[in-house]
Amino acid sequence: MNTDFLGKGLKFPLEFHRRSGGARISTATSADHAHIHESIHQILATRLGERLMNPEFGCRLMDLVFEPDGHVLRGLIRHYVIDALDRWEKRIVVTDVTFDDSNDEGNINIQISYRIIDCQVDGNMIYPFCREITGA
């Protein structure tokens, strides 16, 4: 099966070659969906306005850091995730967004289920939405 539609791009998080200092290119294949996972993570972790040349790129998840936990918060998370991925990740269709409630307070694991459009293969990933500031 031809997997050229999955594309190539910079590896996320960014890694650099030791000798040349150039950015590494992702070598992920469609077999493990790693390239799509990297892309989803990059979209959800980028705040709107953070990219200088493309200020509309990203997701509004970080706007919700201080919102109280509840049904409204989870509805907004679901809406923001689906909206951002529909706009910026054209290789997939989000089929479901659910939440893992077994985690500690302050962190929400977002479970994203999707279907790759070109080959109709289902995939999923968990994106950790951290609402606590650690350190200091």
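Student: Why does Asp-69 count as partly exposed?

Tutor: The model is a predicted one. In it, Asp-69 has 48% relative accessibility. Buried requires under 20% and exposed over 50%, so Asp-69, at 48%, is partly exposed.

Student: Where is Asp-69 placed, and which residues is it in contact with, leaving aside neighbours within four places in sequence?

Tutor: Asp-69 lies in the loop between α1 and α2. With those neighbours set aside, its contacts are Arg-74, Ile-108 and Arg-131. Asp-69 and Ile-108 are 39 residues apart in sequence, with 9.5 Å from C-alpha to C-alpha.

Student: What makes the Asp-69 to Arg-74 pair a polar contact?

Tutor: The two side chains come to 3.2 Å. The cut-off for a pair of N or O atoms is within 3.5 Å, so the side-chain pair of Asp-69 and Arg-74 qualifies as a polar contact.

Student: How do you know that β1 and β2 pair, and β2 and β3?

Tutor: Pairing needs at least two bridges. Eight bridges join β1 to β2 and 10 join β2 to β3, so both count as pairs. Each pair runs antiparallel. Val-97 stands opposite Ile-112 in β2, and Ile-108 stands opposite Phe-129 in β3.

Student: Which residues have the most contacts inside the largest nonpolar core?

Tutor: This core has 27 residues, and those with the most contacts inside it include Ile-40, Ile-110 and Ile-112. Its largest share, six residues, comes from α2. Beyond four places in sequence, Ile-40 touches Leu-85, Ile-92, Ile-112, Tyr-114 and Met-125.

Key. Residues numbered from 1 in each chain as written. Predicted model: local features only at pLDDT ≥ 70, side-chain atom pairs only at ≥ 80, totals over all residues. Heavy atoms only, no water. Core = buried A, V, L, I, M, F, W, Y, C linked by side-chain atoms within 4.5 Å. Buried < 20%, exposed > 50% of the residue type's maximum accessible area, 1.4 Å probe, protein only. Helix = DSSP H or I, 4+ residues; strand = E, 2+ residues; numbered from the N terminus. Contact = heavy atoms within 4.5 Å. Polar contact = N/O pair within 3.5 Å; in protein donor to acceptor, adjacent residues only side chain to side chain.
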